[in-house]
Amino acid sequence: MVAGVHGPTPGDRLPPVAAPFVVAGPSGVAVRDRLKGLTFQDERVLRLAGTHLGRLAGRDLKKRCGDGLEHDAERWAVRKRELTGESSARWAGSITKATHDQWALARRGQSAHLRSLRAGVRTLEYRLSLPLGEEGTKRAPGGYRTKREWFAKSRRLGVLRDRLARVQSDWDAGSVHVVRGGRRLLGTRHNLEAARLTEEGWRMRWEAERWFLRADGESGKRFGNETIRLTPSGEVSIRLPAPLAHLANAEHGRYVLSARVAFKHRGTEWGDRVEADRAVAYRIHLDVERGRWYVTASWQRAAVPVVPLQAALARGVIGVDTNADHFAAWRLDRHGNPVGNPKRFGYDLSGSAQHRDAQVRHAVTQLLRWASSCGVSAIGIEDLDFAAEKTREKHGRRKRFRQLVSGMPTGKLRARLVAMAAEAGIAIVAVDPAYTSRWGAQHWREPMSTPHRKVSRHDAASIAVGRRALGHPIRRRTAPPRHHQGDDAGPRAVQADRGDREREGPRHPVTDRAHDARRRTRATRTRATSVSSTVRDARRPGTWVQDPLL
């Protein structure tokens, strides 16, 4: 848990804490394999087909964005008929479906942008209404420090209001702005030196991202897909669009690639679906940086029944506190007591997206292996969502904190953990992240620390997460009623003496021996063989032996 995101202040009324729940497992599967041994003609056909279909996809996306909220099933059918003549019926279906998915994704992003702008405007309006220099609290920011800062923020408020009005107008009209190939890659064109790219290298990446070589599966058809077909033996063939039918090397306008595919991961499951003619979607794409072609197969899985919460927590839980560079984890039994020592699984989120994803997968793999070795069938983790905590207006001066929160891959981490835990047979229990760091450090950091073990606030937060997943309060024990803490009229004026019975307060720890315990034996060090010399030299350095007199 990131410090400063959550935490009550004295006098604040605490909102109710959401109940823990078991996260549903993944509903789909995707596997990838490299297309090895492609000839020059194979790559040429793939490039021509991708370019042609990508041009059709761009044109269709433009029409869909132009329709806005007035789009209906009839317009969809018209667009599909126009694409069929230049490709095929199945290619047209795949293009129109991808267009709708992209428009819906842009629509959701627009909604999130609206919420962010509204939050920024509210924060600025509130802070500008406060007197200069007024201190803030943990839950609400204070006023601005100087007149200069107040003036700069008032101008920013006007800018945000203009943006909000423009985005709100687009939202009401159903107009979205989409860049096929990615807006980030488009902006890289103006910063080639910073990206360490040449114009030719950027052009190759831009064209590859705008290609379209994906086809949805269809159950009941041969091998589950008529457009891009993979046989159980690994043969790959595609149905060429109508303008490229002269390049076919097989019947029915198909082109068979020279490469063979063998999915090492989930290959048996994929083979069973293909042989049963169940739907499998495929996507062929080029990694320009490596110069390699890949094919990705994906399909839907039957919904796995969610394990009841009590059954998942029967053997305890592992509480996990998510941080910017590591997982802090601690095992708890079903009564909420910490067992053993805390664990920490680090990851580095710097570098490329592939490196960050590999780091997250490696940390999740270590966590799941440790959970399996402990015999625990559930992992408790915070249901993190920092969408409302990234605004510059709320944490303007805390730039490093905003970068810290923004850099945490909450969505990717959650998806990776749920998918990998489902394969390991471990349930994921999501808990409310409110106050876990503060209360964990308050109630568990000091009691769990020893001279040989320093417990961090992240380790203490993992105990809080685990106890909340189990349904226990984070506090170590419940305080007695107020009248039982002292006299009914108030605190005692005279406390009970140490020797009095039934006195208040904790008793001093006393180690009592059991009546049937064995008598302790004392070992001594000696060099002599006689009894007298053994006793005389008991404290001299030498060999440890059993004292015969005891």
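**Note on the sheet, the hairpin and a surface patch**

1. Helix H1, which spans residues 40-67, lies across strands S5 and S6 and runs at about 130° to S6. This arrangement, like everything that follows, is read from a predicted model.

2. The sheet to which these strands belong is open and consists of three strands in the order S4-S5-S6, with antiparallel pairing. Strand S4 (228-230) and strand S6 (254-260) stand at its edges, and because each has a single partner strand, one side of each is left without a neighbour in the sheet. On average, and with direction ignored, neighbouring strands of this sheet are turned by 20° against each other.

3. Within the sheet, S4 and strand S5 (residues 235-239) run antiparallel and are joined by three bridges; as a point of reference for inspecting this pairing, Ile228 stands opposite Ile238 in S5.

4. A further antiparallel pair is made by strand S10 (residues 326-332) and strand S11 (residues 338-346), which six bridges join, and here His326 stands opposite Gly346 in S11. The hairpin of S10 and S11 has five residues between the strands, and in this hairpin Gly336 takes a positive phi near 90°.

5. On the surface, Leu132, Trp150 and Phe151 form a nonpolar patch, whose members together have about 290 Å² of accessible area. Leu132 is placed in the loop between helix H3 (89-129) and helix H4 (147-173). Is Leu132 buried, partly exposed or exposed? With a relative accessible area of 40%, Leu132 counts as partly exposed, since that class lies between the cut-offs of under 20% for buried and over 50% for exposed.

Methods
Residues numbered from 1 in each chain as written. Predicted model: local features only at pLDDT ≥ 70, side-chain atom pairs only at ≥ 80, totals over all residues. Heavy atoms only, no water. Patch = residues over 30% accessible without salt bridge, like charges linked within 9 Å, V, L, I, M, F, W, Y side chains within 5 Å. Areas by Shrake-Rupley, 256 points an atom, 1.4 Å probe, with all protein chains shown as cover. Salt bridge = Lys/Arg side-chain N within 4 Å of Asp/Glu carboxyl O. Helix = DSSP H or I, 4+ residues; strand = E, 2+ residues; numbered from the N terminus. Buried < 20%, exposed > 50% of the residue type's maximum accessible area, 1.4 Å probe, protein only. Pairing = 2+ DSSP bridges. Axes fitted to C-alpha atoms, helices over the stretch in contact; angles between N-to-C directions. Contact = heavy atoms within 4.5 Å.
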